[in-house]
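Trainee: Hi! Could you walk me through this one? I have not looked at it before.

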Amino acid sequence: GLAQAQEPAPESGLFGLMGEATFAMVLDALEHSDDTVCARALAMLPWLRCRSEETGQLERLKDTLLYKVFDDSVPFCRRENLAPVFAALFGCSRHNEFLFEKLCSDDDDERVIAVMALGFPGNVAAFARLREALCDPSPRVRDAAVFGLSGLKDGRIDQRIVDVLVATLSTQADKSFLLTLLANLKLFAGPPLEPIFLKYAGDDDLDVALAALGGFYFLASNRGLQLARNLLDEDEPRLRIVALGILERQGRRSDLERVFPLLQDRDVLVAVLAREVMTQLRGRRRERRVAQMLPQSAVEVGALRLL
């Protein structure tokens, strides 16, 4: 039945055991016209997973949601939001054959959903097919394939994923695709990627530069840290905001003097974020911490919103 993507029947016991009203409400909310309602429904899916495991109905729930992401009666924007969440929470190799068939569809929407649904941690069998999808004639499918590849991240094939993304990056002239590649490379931030982030951080296009600078948000790098210090003097407020984000994560107490003038910055958001960074740096020991992952703050939210 899965190969034909037929809707699972409710009499399987899934609805009754989990609470028919709650389950049906969440499914309906996933396609609601209100973005807030839809977001809340997506946020309930981890709970539904736990509940379905308790009742022995997890596999049935997976098939129900797989049907929904390919149900063309549901607005595509809702299915596009659901697909990566489905992959992260419910993806399994049992669905690969069905999804591989969808990659051959003439419908761009189906191919977009398929590459996203294949992108769950450890799905090594999908690596080659997702790599091929990077050359799909549809720009939307190519973008989705990047996210699908990133979703495979589990520590085993990470370097293979990075190699493919970097190789694709080096041949790109399309700005939108370039931004997608840089955004996903941040997930694999490490010393080998430092030259890539430095190269594109100096790009004349501000959007490209911001995307590359985001890599130093997750990569402890002396060169990236010095770059952030220099950016505090830039006229463009978005560059100052990103620089503050990097300094909050990677900076030292000695950076307090550099950040202090920004408390009076002409951009109100920059001034507020500078205060946040000052608070973090004051509480930091003089020697660099081995672990520098800090609690999410206004700086993190502000910087990630730009990136």
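Mentor: Happy to. Let's start with Cys 135, which is exposed, with a relative accessible area of 66%; exposed means over 50%, buried under 20% and partly exposed in between, using a 1.4 Å probe and protein chains only. This is a predicted model, where local features need pLDDT of at least 70, side-chain atom pairs count only at pLDDT 80 or more, and totals for chains, interfaces and linings use all residues. Residues are numbered from 1 along each chain as its sequence is written, and side-chain values use heavy atoms, with hydrogens and water left out.

Trainee: Thanks! Where is Cys 135 placed?

Mentor: Cys 135 sits in the loop between H8 and H9. Helices here are DSSP runs (H or I, at least four residues), as are strands (E, at least two), numbered from the N terminus.

Trainee: And how many helices and strands does the chain have?

Mentor: There are 19 helices and zero strands. Of the 307 residues in the chain, 50% are buried.

Trainee: Let's pick a helix. Which residues of H10 are buried?

Mentor: In H10 the buried ones are Asp 158, Ile 161, Val 162, Val 164, Leu 165, Thr 168 and Leu 169. They cover an arc of only 165° around the axis, so they lie on the same side of H10; the arc is that of the directions from the helix axis to the C-beta atoms.

Trainee: What do those buried residues pack against?

Mentor: The buried residues of H10 pack against helix H8 (127-133), helix H9 (139-151), helix H11 (175-185) and helix H12 (194-201).

Trainee: You mentioned H12. What does Leu 198 contact, leaving aside its neighbours within four places in sequence?

Mentor: Leu 198, which is in helix H12, is in contact with Phe 216, Arg 223 and Leu 227 once those neighbours are set aside. Contact means heavy atoms within 4.5 Å.

Trainee: New topic: at what angle do H15 and H16 pack?

Mentor: Helix H15 (residues 222-231) and helix H16 (residues 237-250) pack at about 140°, with their axes 8 Å apart. That makes H15 oblique to H16, since angles under 35 degrees count as roughly parallel, over 145 as roughly antiparallel, 65 to 115 as roughly perpendicular and the rest as oblique. Axes are lines fitted to C-alpha atoms, for helices over the stretch in contact, and angles run from 0 to 180 degrees between N-to-C directions.

Trainee: Which residues meet there?

Mentor: On the H15 side, Gly 224, Leu 225, Ala 228, Arg 229 and Leu 231 meet Leu 239, Arg 240, Ala 243, Ile 246, Leu 247 and Gln 250 in H16.
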